[in-house]
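Please look through the model shown below, following the chain from its aromatic pairs to its helices and its core. The paragraphs after it take these topics in turn.

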Amino acid sequence: SAPSGADALAAPHIDAGIQAYKQQQWDRAKEQFEAAVKVAPSLAEAHYNLGMVLYRQGKDAEAKPHFLKAAALAPENDVIQSAPPFSKVEAPSRPSG
């Protein structure tokens, strides 16, 4: 469900989006999370959830800004901080010597 203290206008969209996500109804979930982001642009979970839907749809480039926004809005949230693009980050190799 929507996080406690979530914007009252965003919460129903978050809840509907989560239900659609669980049913793998990606387009419906995307619409709901986009609506949540529109009414509550500072809600990290809305950006994260939208990012997850886009990621599931194979739209990594579209998902990344939402993951980054969520991470910036909620640096203490371990789930958000371990979003797919962050778990794929590898340090560049260094030349030896």
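Rings of Phe, Tyr and Trp (for Trp, the six-membered ring) are taken as a pair if their centres lie within 6.5 Å, and planes under 30 degrees apart count as stacked, those over 60 as edge-to-face and the rest as tilted. By this rule the count comes to 2 aromatic pairs. One of them joins Tyr21 and Trp26 in an edge-to-face arrangement, with 5.1 Å from centre to centre and 70° between the planes. Tyr21 is partly exposed, at a relative accessible area of 22%, and Trp26 is likewise partly exposed, at 22%; here buried means under 20% relative accessible area, exposed over 50% and partly exposed in between, with a 1.4 Å probe and protein chains only.

The model is predicted, so that local features need pLDDT of at least 70 and side-chain atom pairs count only at pLDDT 80 or more, while totals for chains, interfaces and linings use all residues. Residues are numbered from 1 along each chain as its sequence is written, and side-chain values use heavy atoms, with hydrogens and water left out.

The chain has 6 helices and 0 strands, where helices (H or I, at least four residues) and strands (E, at least two) are DSSP runs numbered from the N terminus. Of the 97 residues in the chain, 39% are buried.

Helix H1 has 12 residues and reaches 17 Å from its first C-alpha to its last, close to the 16 Å expected at 1.5 Å a residue; the expected span is 1.5 Å times one less than the number of residues. Its buried residues are Ala11, Ile14, Ala16, Gly17, Ile18 and Ala20, and what covers them includes H2 and H3. After H1 comes Gln24, whose phi is positive, near 60°.

Helix H2, with 14 residues, reaches 20 Å between its first and last C-alpha, close to the 20 Å expected. The cover over its buried residues includes H1 and H3, and among those buried residues are Lys30 and Phe33. The side chain of Lys30 meets that of Glu34 in a salt bridge at 3.3 Å, N to O, a salt bridge being a side-chain nitrogen of Lys or Arg within 4 Å of a carboxyl oxygen of Asp or Glu. Because Lys30 and Glu34 are 4 residues apart in helix H2, about one helical turn separates them. Glu34 is partly exposed, with a relative accessible area of 35%.

In soluble globular proteins, nonpolar side chains tend to be buried together. A nonpolar core is a set of buried Ala, Val, Leu, Ile, Met, Phe, Trp, Tyr and Cys residues joined through side-chain atoms within 4.5 Å. The largest one here has 24 residues, of which Ile14, Phe33, Leu43, Ala46, Tyr48, Phe67 and Ile80 touch the most other members. Helices H1, H2, H3 and H4 each supply at least two residues of this core, and H3 gives the most, with 7 residues.

Leaving aside neighbours within four places in sequence, Phe33 is in contact (heavy atoms within 4.5 Å) with His13, Ile14, Gly17, Ile18, Ala46, Asn49, Leu50 and Val53. Asn49 lies in helix H3 and counts as buried, at 15% relative accessibility. Not counting residues up to four places away in sequence, Asn49 touches Ile14, Ile18 and Phe33.
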